[in-house]
Structure formats: C-alpha cells, structure tokens
Amino acid sequence: MPTLSLDDRALQANLRRLADRDAKMAAVWALNDTADDVLAHVQGRMDQVFDRPTRFTRNAFMVWRAKPSQLEAKVLERPSVGRRHYLKVEEFGGPRGQTGLEALLSSRLGHDGRISAAVPAAGAKLNAYGNWSPGERNQALAATSRQEQAVAATGGTRKRRRAGYFVPAASSRLSPGIWKRNPDGSIRKLLHFTTAVPEYRERLGFFDGAEEVSARRLPVHLQRTIAKMIERSASRG
C-alpha cells in the first residue's frame, strides 16, 4: 500500500522561518492532500482495470491521515474490509477465497460437491455492474435453500409447470449450478458451480502510477501549505 512520509529533521532544517509546530502542521496538510490525490488515482485506475466496478470496490481503500506526531500518510484498506476483500488477491495474485455468496451456497444448498466458485450463467439477469441481479439472486436462494433434495431434470415437456428454481442432483445430465424452470417447462441456467479455485495473476495494476502521483504532488502541496502557514504566522505577529 502506498505510504507517504517526510523526514522530521530535514523538515525543520528547511523551514527556519516557521515554529516547529507550524512546520509540522504544514507538512501534515501536504501529506494528507497528497494521500487524497493518490486515493483518487487508485480509484481512477479501478475504473480502467475493472468492468464497471461497484461502489463497494471503489470504496475499499481509505486515507490513514498524518498528524504532527507522525509525519506519515497511507492509502490502505478500510478496517471494515479486512481479509475477505478480493482486491488484495487481484492486485498481488494467488488463489481467491470464497465470496460471501459462495459460502452461503455451500452451507444452504443440497449440493453434492464443493462449491469453490459460483459464476453467473448466460441465463442470469445482470445488474448495471454486470453482477447477478439481487432480485433474481434472492428469489433463487430462497427457493433452493428450501429444497430438501435436488430435483433431477428430465428434459423438455409439454405439460405446463409452475416456475421454480432448482439445483440438479448429482445423477442429472445438467451441469452443477442453479437452474430455473419456466412456466412452459423450458429451463435456463442462472449460476455455474465449480470446484476449481479461482486463481489471479499478479498485479492488475490499480496501484500503478501511485508513487509517481505522490512524488509529483507532494512538493506542490508542501509549497502551498508552507506559504499558507507563513502567512498565518505573519498575521499572528
């Protein structure tokens, strides 16, 4: 994660015109403003490397602000995100753990195999972000979680049936996942189940350029905040 810092001794040596506390406060302002610039850059990179990132994705990082006793600002994951967020894996590579939806499916559904990943199928309704529609997802989860045993599909039929969601039995010719039976008896697949653990390549690159942004913006902010503090000190005198 990007970390911005200033050497306290060098700062004091170069800012003789300011009192110690004023020099440090100017540095704090500059560091925090620069960290805000880096965060905006990271969020902008997400828009480039992801297809329609959600608000949850874009807001996964925050600025840990500098203070006079610690001249260091950071751009890091929000505490509420923690270990479960997938961005860490997408940036640095490696296997992805189960999402909340996948863990829920594993615990609730009468599926014979392990669900390492669940991916929307061609028949799923998608929202504006390209993810499974929450309305259809909730209906499917409610219906399939009440299913005491998997229903094996027998192919097309002319008999009209009530619409419903189901998970095929292990003996079914249908692939693992959640399917929907339409009122006319036709079926479509909504969600793929797979036992393969998703593996990500190292660095999607949403931190690319962060160091360049901090190196370019910190001197600009520091010049501005020092001038502001000098003006404030002169008005006090």
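Let's start with contacts, meaning heavy atoms within 4.5 Å. In the protein chain, take the contacts with a separation of 6 or more: 61% of them join residues 24 or more positions apart.

Now, what are we looking at? This is a predicted model, where local features need pLDDT of at least 70, side-chain atom pairs count only at pLDDT 80 or more, and totals for chains, interfaces and linings use all residues. Residues are numbered from 1 along each chain as its sequence is written, and side-chain values use heavy atoms, with hydrogens and water left out.

A word on confidence. pLDDT is the predictor's confidence in each residue, from 0 to 100. The protein chain averages 77, and 70% of the residues score at least 70. Over residues 148–162 the pLDDT is below 50, yet this stretch has 21 contacts in the model beyond near neighbours in sequence.

Next, the layout. The protein chain has 7 helices and 9 strands. These are DSSP runs, numbered from the N terminus: helices are H or I with at least four residues, strands are E with at least two. The chain has 237 residues, and 38% of them count as buried. Buried means under 20% relative accessible area, exposed means over 50%, and partly exposed is in between, with a 1.4 Å probe and protein chains only.

On to the inside. A nonpolar core is a set of buried Ala, Val, Leu, Ile, Met, Phe, Trp, Tyr and Cys residues joined through side-chain atoms within 4.5 Å. The largest one has 25 residues, and Leu31, Val38, Val42 and Phe61 touch the most other members. H2 supplies the largest share, 10 residues. Apart from this core lies another, of 13 residues, including Ile115, Ala118, Trp132 and Leu190.

Let's stop at Ala118. It lies in strand S5, residues 117–120. Is Ala118 buried or exposed? Buried, because its relative accessible area is 15%. Leaving out residues up to four places away in sequence, Ala118 touches Glu102, Leu105, Leu191, His192 and Phe193. Ala118 and Ile178 are 60 residues apart along the chain, with 9.6 Å between their C-alpha atoms.

Back to helix H2, and to Asp37, which lies in it. Asp37 counts as partly exposed because its relative accessibility is 24%. Asp37 and Arg217 are 180 residues apart in sequence, but 7.7 Å apart in space, C-alpha to C-alpha.

Last, a charge and a ring. Which ring does the charged end of Lys228 sit over? The ring of Trp29, 4.8 Å from its centre. The cut-offs are NZ of Lys or CZ of Arg within 6 Å of the ring centre and within 35 degrees of the ring normal.
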